[in-house]
Structures are given as C-alpha cells and as structure tokens.
Amino acid sequence: MKMKEQYRNLTDEELVKRLEAGEEEVTEYLLNKYKPLVKRQARTLYLIGGENDDLIQEGMIGLFKAIRAFRTDGEYSFYTFAELCITRQMYTAVQASNRKKHAPLNSYVSLDEKPQIFMEQNPEDMVIDQENLENRYDQIHRRLSDLEKLVLELYLEGKSYGQIASVTGKNEKAVDNTIQRVKKKLL
C-alpha cells in the first residue's frame with residue numbers, strides 16, 4: 001500500500017524511469033492507473049456479436065505494450081503514447097476481425113460523436129469508411145429517444161447505473177431497461 005502512495009506522487013515519466021531501473025511493480029501500478037482510459041476507449045466501439053470485454057482486453061494489451069515501449073527521452077507524454085497504443089491495438093483487433101480471424105469482432109459501429117478513421121488506410125478506403133461511419137452514426141441517433149441518447153452518453157462516459165439514475169431522475173432498473181433497449185435498437 002505504501003508503494004502505491006509513493007507512486008501516486010510521481011509523474012508517469014518518472015514511473016517509467018523506475019521501471020527501466022528494475023522496479024517491476026510499476027507495471028501493475030500503471031496498468032491499474034490507466035484501466036479507466038482503456039474502458040472509455042472500448043466503450044466508444046460497439047461490437048455486434050461481441051463483448052465489450054474483448055475490446056478492453058485488446059486495450060489492456062496495447063497499454064502493456066505502451067508501458068514496455070515508452071522512452072522518456074521522446075517528445076510525447078506517456079499519456080499520449082499510451083492512448084495511441086491502446087487505440088491502435090483495438091483498431092488492429094477490429095481490422096483482424098474483418099479478415100475473419102476473430103468472428104465476434106466482425107462488425108462494429110462507432111458511437112463517438114465524431115467518427116474517426118485511422119490513417120493506416122489508403123485515401124479511397126478512408127473516405128468510404130468515413131462516410132459509412134457517419135451514416136451509421138446518423139442512423140443510431142435517429143433511432144434513439146432523447147432519454148436513450150442521454151443514458152447512452154452517460155454510460156459511454158463510464159457512469160454507473162446509480163449515477164445515471166440520479167442524473168436522469170429514473171431508478172437503476174429503469175436505467176438498465178433503457179440500456180437494454182438501446183442495445184436492441186443498435187443491433
């Protein structure tokens with residue numbers, strides 16, 4: 001516990017320096033510290049036929065790779081580097097699913113307000129993918145009621161059912177029912 005307190009006062013870059021010096025406990029600390037970021041990133045993708053846990057697992061792999069690969073002499077912060085590694089790992093999983101390697105990841109719908117296409121594609125595919133994402137985004141938002149949109153937005157922000165209930169004035173069961181309706185409408 002003391003070690004956790006000791007790490008809490010250090011910057012991520014200082015933590016990575018300690019890891020490079022042999023303090024392996026830093027890895028676990030950084031994995032726990034950045035797990036909420038991984039969960040937020042995973043919530044921005046909806047997997048048809050898959051589980052959110054699949055993307056979280058991929059994101060944690062990306063985070064682990066970031067922890068191992070980050071160099072403190074670079075121009076980017078650890079946060080920026082970790083976010084990039086997490087996102088790329090998730091995107092790679094989705095791309096692999098399109099090649100039929102991972103069946104549950106075959107279809108996905110971006111729930112971000114501004115759908116983004118990653119830069120590792122050729123320009124023609126990027127334009128087509130961007131148009132497809134924007135069309136899906138429009139369809140999703142036309143299908144949901146105002147309450148469903150609010151609940152979905154809060155859910156994607158990582159709010160608990162209790163927190164969503166207090167914001168919406170509904171009880172937790174009503175929040176759960178709303179989330180289940182949203183999932184059905186998006187399938």
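Student: Axes here are lines fitted to C-alpha atoms, for helices over the stretch in contact, and angles run from 0 to 180 degrees between N-to-C directions. With that in hand, at what angle do α3 and α4 pack?

Tutor: About 135°, with the two axes 9 Å apart. Keep in mind that this is a predicted model.

Student: What does that make α3 and α4 to each other, oblique or roughly antiparallel?

Tutor: Oblique. Roughly antiparallel needs an angle over 145 degrees, so α3 and α4 count as oblique. The crossing of α3 past α4 is right-handed.

Student: Which residues in α3 meet α4?

Tutor: From α3 you have Thr27, Leu30, Leu31, Tyr34, Lys35, Val38, Lys39, Ala42 and Arg43. They meet Asn52, Leu55, Ile56, Gly59, Met60, Leu63, Phe64, Ile67 and Arg68 of α4. By class, this contact has 11 nonpolar residues, 3 polar and 4 charged.

Student: Let me zoom out. How many helices and strands does the protein have?

Tutor: There are 9 helices and 2 strands. Read from the N terminus, the order is α-α-α-β-α-α-β-α-α-α-α. The protein has 187 residues, and 37% of them count as buried.

Student: And of the contacts between residues at least 6 apart in sequence, what share joins residues at least 24 apart?

Tutor: That share is 57%.

Student: Now the core. Which residues have the most contacts inside the largest nonpolar core?

Tutor: Leu15, Leu30, Val38, Leu63, Ile67 and Phe78. The core has 25 residues. Helices α2 (12-20), α3 (25-43), α4 (52-69) and α5 (78-98) each put in at least two. The largest share, 8 residues, is from α3.

Student: Take Leu63. What is in contact with Leu63, leaving aside neighbours within four places in sequence?

Tutor: Leu30, Leu31, Tyr34, Lys35, Val38, Phe78, Ala82 and Ile86. There is also another core apart from the largest one, with 6 residues. Val151, Leu154, Val175 and Ile179 are among them.

Student: Back to α2 and α3. At what angle do they pack?

Tutor: About 150°, with axes 9 Å apart. That makes α2 and α3 roughly antiparallel to each other. On the α2 side, the contact uses Asp12, Leu15, Val16, Arg18 and Leu19. On the α3 side, Val26, Thr27, Tyr29, Leu30, Lys33 and Tyr34 take part. The classes are 7 nonpolar, 1 polar and 3 charged.

Student: Where does Phe70 lie?

Tutor: In the loop between α4 and α5. Phe70 is buried, at 3% relative accessible area. Setting aside residues within four places in sequence, Phe70 contacts Glu13, Val16, Glu20, Tyr76, Ser77, Phe78 and Phe81. Phe70 and Lys17 are 53 residues apart in sequence, yet 9.7 Å apart in space, C-alpha to C-alpha.

Student: Switching to α7. Which residues are buried in α7?

Tutor: Glu148, Val151, Leu152, Leu154 and Leu156.

Student: How far apart are the axes of α7 and α8?

Tutor: 10 Å, at an angle of about 140°. Helix α7 covers residues 146-156 and helix α8 covers 161-168. The two are oblique to each other. The crossing of α7 past α8 is right-handed. Leu147, Leu150, Val151, Leu154 and Tyr155 of α7 meet Tyr161, Ile164, Val167 and Thr168 of α8. That contact has 8 nonpolar residues, 1 polar and no charged.

Student: Last one. Which residue just after α7 takes a positive phi?

Tutor: Gly158, with a phi of about 90°.

Key:
Residues are numbered from 1 along each chain as its sequence is written. This is a predicted model: local features need pLDDT of at least 70, side-chain atom pairs count only at pLDDT 80 or more; totals for chains, interfaces and linings use all residues. Side-chain values use heavy atoms; hydrogens and water are left out. Helices (H or I, at least four residues) and strands (E, at least two) are DSSP runs, numbered from the N terminus. Angles under 35 degrees count as roughly parallel, over 145 as roughly antiparallel, 65 to 115 as roughly perpendicular and the rest as oblique. A crossing is left-handed if the near helix is turned anticlockwise from the far one by less than a right angle, and right-handed if clockwise. Contact means heavy atoms within 4.5 Å. Ala, Val, Leu, Ile, Met, Phe, Trp, Tyr, Cys and Pro count as nonpolar, Asp, Glu, Lys and Arg as charged, and the others, Gly among them, as polar. A nonpolar core is a set of buried Ala, Val, Leu, Ile, Met, Phe, Trp, Tyr and Cys residues joined through side-chain atoms within 4.5 Å. Buried means under 20% relative accessible area, exposed over 50%, partly exposed in between (1.4 Å probe, protein chains only).
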